[in-house]
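Please take a moment to look over the sequence and the model before reading on. The paragraphs below lead from the inside of the structure to its surface.

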Amino acid sequence: NPSPNMRNELEAILYPGVCLLEATNVSVGRGTDRPFEVVGAPWVEPRRLVAVLDAARVPGIKYIPIYFTPSASTNQGVKCGGVQLILTSPEKLDAVLLGMTLISALHRMYPEEFEIDKVLRLLGNERVLTQLKAGRAPAEILKAGASELSQFMTRRQKALIYGATPNPKGGKR
């Protein structure tokens, strides 16, 4: 296990998006049997959250309404309403889009309770946070930043030691 709270491939796939909530008052499942597979807070109504997330249509993921009580970390010992994340198509999932969609939904549904400003600590981009707070769709935000991402990927090429795409069977691609 790369971490005590990342015990399987599913959690590793979900982590890049779900982790964006870690600095907030939302549990990301630490202290449960499903870290990074469940997300929730005491003030979340699970079925309403599932309806909003379903409407966002993030490819590769399904949401199940749940209640859980984390034994550690955020909301330790407190019953939380939320969602279990079910990966349906790993090759289609954009984990960052998932994370931004969770942030967007929680902010729209629970603007008084959800500590959206704390997302900045791990998101690291004030412009994106401002757009999420203004209600811009996460997919639009990511699409608008695609050219910047492409430029970064080109610049980073010089710093790569092993190449841009690892080949699990060895050798170069």
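Two residues are said to be in contact when they have heavy atoms within 4.5 Å of each other. The structure is a predicted model, in which local features need pLDDT of at least 70 and side-chain atom pairs count only at pLDDT 80 or more, whereas totals for chains, interfaces and linings use all residues. Residues are numbered from 1 along each chain as its sequence is written, and side-chain values use heavy atoms, with hydrogens and water left out.

With its neighbours within four places in sequence left aside, L98 is in contact with L14, V18, V58, I61, Y63, L85 and L93. L98 is also, together with V18, Y63 and L85, among the residues with the most contacts inside the largest nonpolar core, which has 36 residues. Such a core is a set of buried Ala, Val, Leu, Ile, Met, Phe, Trp, Tyr and Cys residues joined through side-chain atoms within 4.5 Å, where buried means under 20% relative accessible area, exposed means over 50%, and partly exposed lies in between (1.4 Å probe, protein chains only). Several elements each supply at least two residues of this core, including helix 1 (9–18), strand 2 (61–68) and strand 3 (80–87), while helix 3 gives the largest share, eight residues. Helices (H or I, at least four residues) and strands (E, at least two) are DSSP runs, numbered from the N terminus. In soluble globular proteins, nonpolar side chains tend to be buried together.

Next, consider L53, which lies in helix 2 (residues 46–56). Is L53 buried or exposed? L53 counts as buried, because its relative accessibility is 0%. Apart from neighbours within four places in sequence, L53 is in contact with Y63, V83, T101, L102 and A105. Of these, A105 is 52 residues away from L53 in sequence, and yet the two are 6.8 Å apart in space, C-alpha to C-alpha.

If a disulfide is taken as a pair of cysteine sulfur atoms within 2.5 Å, the count comes to zero. C19 is in no disulfide, and the nearest cysteine sulfur, that of C80, is 18 Å away. C19 is buried, with a relative accessible area of 10%, and C80 is buried as well, with a value of 0%.

Finally, turn to M153, which is found in helix 7 (residues 146–156). M153 is partly exposed, because its relative accessible area is 35%.
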